[in-house]
Amino acid sequence: MLLKYTVQNKAEAGTYALPFQVTEQEIVLSTLIIPASEAEGRIVIEVSLAWENPLLNWDIGELDIRLRRNDEQGPVLDWLQDSCYQEGFAELSYEETGIKAEPHVYCLTVQSADRRAVVTGPLMIRGSVYVVQMDDNPDEQ
């Protein structure tokens, strides 16, 4: 497979709105767009984020991470529930075959029951498009 296109959104700890208190309401952390002109091939979406449990009573912190199509109301493509006592690092990977007809929009959302998670960073969402490498001259051996 040959890398055709890649796009990434990243926030380091202490930058932008980080740290970010996650609430009971599902909220968008980041949106990633792969343009229609680049979307044909194997699309791989990778997510990683560092977070911590804000509770000091040793209750387990919980963080729901969802990758949705288009926006926060779109269908869930992949989902992960992570838990920790103090600090956590969550990773999620999703793959699909893309077509060139329209842009592919991915929405990363988070939610935490009882506000038991703070996204501290780093936070990263990357989209890569891979194509099968074609042999330029199949007659040459």
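This is a predicted model: local features need pLDDT of at least 70, side-chain atom pairs count only at pLDDT 80 or more; totals for chains, interfaces and linings use all residues.
Glu62 belongs to strand E5 and Arg116 to the loop between E8 and E9, so the pair ties together parts that are 54 residues apart in sequence. Glu62 is partly exposed, at a relative accessible area of 27%. Arg116, by contrast, has a relative accessible area of 12%; this value is under 20%, and the residue is therefore classed as buried.

The loop that holds Arg116 runs between strand E8 (104–111) and strand E9 (117–131). Beyond its neighbours within four places in sequence, Arg116 is in contact with Trp51, Glu52, Asn53, Pro54, Leu55, Asp59, Ile60, Gly61 and Glu62. One of these residues, Ile60, also contributes to a nonpolar surface patch of about 340 Å², together with Trp58 and Tyr85. Trp58 is located in the loop between strand E4 (41–52) and strand E5 (61–69). With a relative accessible area of 55%, Trp58 is exposed.

Strand E5 is largely enclosed by the rest of the structure, because 7 of its 9 residues are buried. E5 runs antiparallel to strand E6 (residues 76–84), and 8 bridges join the two. Within this pairing, Glu62 stands opposite Ser83 in E6. The two strands form a hairpin with 6 residues between them, and Asn70 in the turn has a positive phi of about 75°. E5 also pairs with E8, again in the antiparallel sense, over 6 bridges. Here Asp64 is placed opposite Gln111 of E8.

Considered as a whole, the protein chain contains 9 strands and 0 helices. Its C-alpha atoms fill a box of roughly 70 × 30 × 25 Å along the principal axes. Of the 141 residues in the protein chain, 40% are buried. The protein chain exposes about 8200 Å², of which carbon and sulfur atoms supply 48%. Among contacts between residues at least 6 apart in sequence, 81% join residues at least 24 apart.

Apart from residues up to four places away in sequence, Leu29 touches Phe20, Leu49, Leu108, Thr109, Val110, Val119 and Leu123. Leu29 has a relative accessible area of 21% and is partly exposed. Between Leu29 and Ala17, which are 12 residues apart in sequence, the C-alpha to C-alpha separation is 9.8 Å.

The count of salt bridges comes to 8. Side chains of opposite charge can pair when their charged atoms come close. Glu12 is partly exposed, with a relative accessible area of 40%, while Lys10 is partly exposed at 47%. Finally, Glu26, Arg66 and Arg68 are linked in a network of salt bridges.

Notes
Residues are numbered from 1 along each chain as its sequence is written. Side-chain values use heavy atoms; hydrogens and water are left out. Patches are made of residues with over 30% relative accessible area and no salt bridge: like charges are joined within 9 Å, nonpolar side chains (Val, Leu, Ile, Met, Phe, Trp, Tyr) within 5 Å. Accessible areas come from the Shrake-Rupley method with a 1.4 Å probe; for residues, only the protein chains shown count as cover. A salt bridge is a side-chain nitrogen of Lys or Arg within 4 Å of a carboxyl oxygen of Asp or Glu. Helices (H or I, at least four residues) and strands (E, at least two) are DSSP runs, numbered from the N terminus. Buried means under 20% relative accessible area, exposed over 50%, partly exposed in between (1.4 Å probe, protein chains only). Contact means heavy atoms within 4.5 Å. Two strands pair if DSSP finds at least two bridges between them.
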